[in-house]
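Please keep the sequence and the structure in view while reading.

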Amino acid sequence: MIKVLVNGACGRMGSMVVKTVLSDEELELVGAVDIKGGADAGEIANAGKCGVIVAENLGEELDRSGAEVMIDFTRPDVVFRNVMTALEHKVSPVVGTTGLTDAQKEEIRQASEKQGVPVLIAPNFAIGAVLLMVLSAQAAKYMPEVEIIELHHDQKLDAPSGTAAQTAEMIAKVRAEHAQGHPDEKEKAGWEGARGADYQGMHVHSVRLPGYVASQEVIFGGLGQVLKLRHDTTSRESFMPGVVLAAKQVRSLKGLTVGLEHLLK
Ligand code: NAD
């Protein structure tokens with residue numbers, strides 16, 4: 001049994017992770033943390049009383065629980081501190097929270113290597129979204145004119161989404177940086193932001209609307225043809241198999257791993 005602590009246990013993702021961990025035969029829920037602490041984690045997750053009360057202090061709960069793995073679904077502004085706290089306690093973080101900067105990831109990589117504690121960061125745990133990223137990087141070799149549209153619920157804090165950022169980074173590894181669109185296109189004549197964010201010449205557009213969970217479309221344009229790759233998350237359940245896989249495998253990794261695709265055989 002792998003001892004798991006869920007951080008952000010009262011949130012949309014965290015509570016579903018609590019329920020999933022409770023129902024998995026190889027995972028044991030030993031701790032739960034959220035700034036809205038005090039209640040039984042299982043009851044919050046609609047999984048019945050489990051005896052793990054949601055605590056408010058991560059460091060103390062890591063000490064008390066004896067957790068081996070911390071699964072984090074909190075907020076972009078607190079996730080870095082959470083990961084560093086877990087590493088200080090020699091607990092392996094599985095990070096679903098998005099919004100970590102490149103500089104923060106580099107600090108995490110160094111801390112992970114120094115402490116000898118592996119870390120997995122996955123901007124998307126849904127297998128379909130992971131395939132979308134991998135296939136997009138393949139397609140971009142042949143069709144390097146590409147734009148990304150990501151669509152999420154309107155409570156999401158960070159933009160672009162972690163998935164869009166990782167897709168753009170994976171494409172950038174195979175696509176020479178170049179500006180797209182008309183060389184004279186000028187936003188100033190129209191509305192600022194109309195062309196979206198610019199990452200190495202690729203434009204990335206973020207839609208925030210009620211009704212969406214998480215979707216992404218990657219559009220490739222070529223001479224006389226357009227290729228669209230699209231993934232839609234219709235339920236947060238899509239993330240759970242990936243979270244479980246990560247919780248079971250993270251301790252066999254080395255240093256920092258970014259992306260669930262590294263665990264898929
Ligand atoms: P949410 O707002 O429903 O839940 C966040 C929870 O974290 C809340 O219960 C909040 O009280 C708690 N929290 C805030 N600060 C905290 C702190 N300092 N310590 C402990 N708990 C704290 O958000 P959500 O929809 O569950 O999403 C959480 C994160 O997961 C977001 O960054 C989102 O983008 C990301 N996400 C990632 C994936 C993936 O596959 N990697 C999938 C969905 C969502």
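The sections below treat the basis of the model, its strands, its ligand site and selected residues.

## Basis of the description

The model is predicted; local features need pLDDT of at least 70 and side-chain atom pairs count only at pLDDT 80 or more, whereas totals for chains, interfaces and linings use all residues. Residues are numbered from 1 along each chain as its sequence is written, and side-chain values use heavy atoms, with hydrogens and water left out.

Helices (H or I, at least four residues) and strands (E, at least two) are DSSP runs numbered from the N terminus. Strand 6 spans residues 146–152, and six of its seven residues are buried. Buried denotes under 20% relative accessible area, exposed over 50%, and partly exposed the range in between, with a 1.4 Å probe and protein chains only. Ile148 belongs to strand 6 and has a relative accessible area of 0%, so this residue counts as buried. The C-alpha atom of Ile148 is separated by 9.9 Å from that of Arg230, although the two residues are 82 residues apart along the chain.

Two strands pair if DSSP finds at least two bridges between them. Strand 6 pairs with strand 9 (residues 214–222) in the antiparallel sense over seven bridges; within this pairing, His152 has Ala214 of strand 9 as its bridge partner. Strand 6 is also joined to strand 8 (residues 202–208) by six bridges, and these two strands run parallel. In strand 8, His205 stands opposite Ile149.

## The hairpin of strands 9 and 10

Strand 9 is joined by nine bridges to strand 10 (residues 225–233), and the two run antiparallel. Leu229 of strand 10 stands opposite Val218. Strands 9 and 10 form a hairpin with two residues between them, and Gly224 in the turn has a positive phi of about 65°.

Leu227 lies in strand 10. Its relative accessibility is 33%, and Leu227 therefore counts as partly exposed. Between Leu227 and Met143 there are 8.7 Å in space, C-alpha to C-alpha, and the two are 84 residues apart in sequence.

## The ligand site

The ligand sits in the largest pocket. A pocket is defined on a 1 Å grid over the protein atoms alone as an open set of points with protein on both sides within 12 Å along at least five of seven lines; a molecule sits in a pocket if more than half of its atoms lie within 2 Å of its grid points. The ligand is surrounded by 22 residues, and the closest are Arg12, Met13, Asp34, Thr98 and Phe125. A residue is near a molecule if one of its heavy atoms lies within 4 Å of it.

Polar contacts are pairs of N or O atoms within 3.5 Å; within protein, one atom must be able to donate a hydrogen and the other to accept it, and residues adjacent in sequence count only if both atoms are side-chain atoms. A polar backbone atom of Arg12 is 2.9 Å from an oxygen atom of the ligand, and a polar backbone atom of Met13 is 2.8 Å from an oxygen atom of the ligand. A nitrogen atom of the ligand lies 2.9 Å from a backbone N or O atom of Ala122. Taken alone, the ligand exposes 870 Å², of which the protein buries 85%. These areas come from the Shrake-Rupley method with a 1.4 Å probe; for residues, only the protein chains shown count as cover.

## Backbone geometry in the loops

Most residues other than glycine have a negative phi, and most peptide bonds are trans. Asn46, which is not a glycine, has a positive phi of about 55°. Asn46 is located in the loop between helix 2 (41–44) and helix 3 (58–65), and its relative accessibility of 65% means that it counts as exposed. Val54 lies in the loop between helix 2 and helix 3, but is buried, with a relative accessible area of 3%.

Gln200 also has a positive phi, near 50°. This residue is placed in the loop between strand 7 (197–199) and strand 8 and counts as partly exposed, at 26% relative accessibility.

The peptide bond from Ala159 to Pro160 is cis, with omega near -5°. Pro160 lies in the loop between strand 6 and helix 7 (162–172). Ser161 lies in the loop between strand 6 and helix 7 and is buried, with a relative accessible area of 1%. A polar atom of the Ser161 side chain lies 3.0 Å from the backbone nitrogen of Ala164.

Terms used
1 Å grid on protein atoms, 1.4 Å probe; cavity = no way out; pocket = protein on both sides within 12 Å on 5 of 7 lines; lining within 4 Å.
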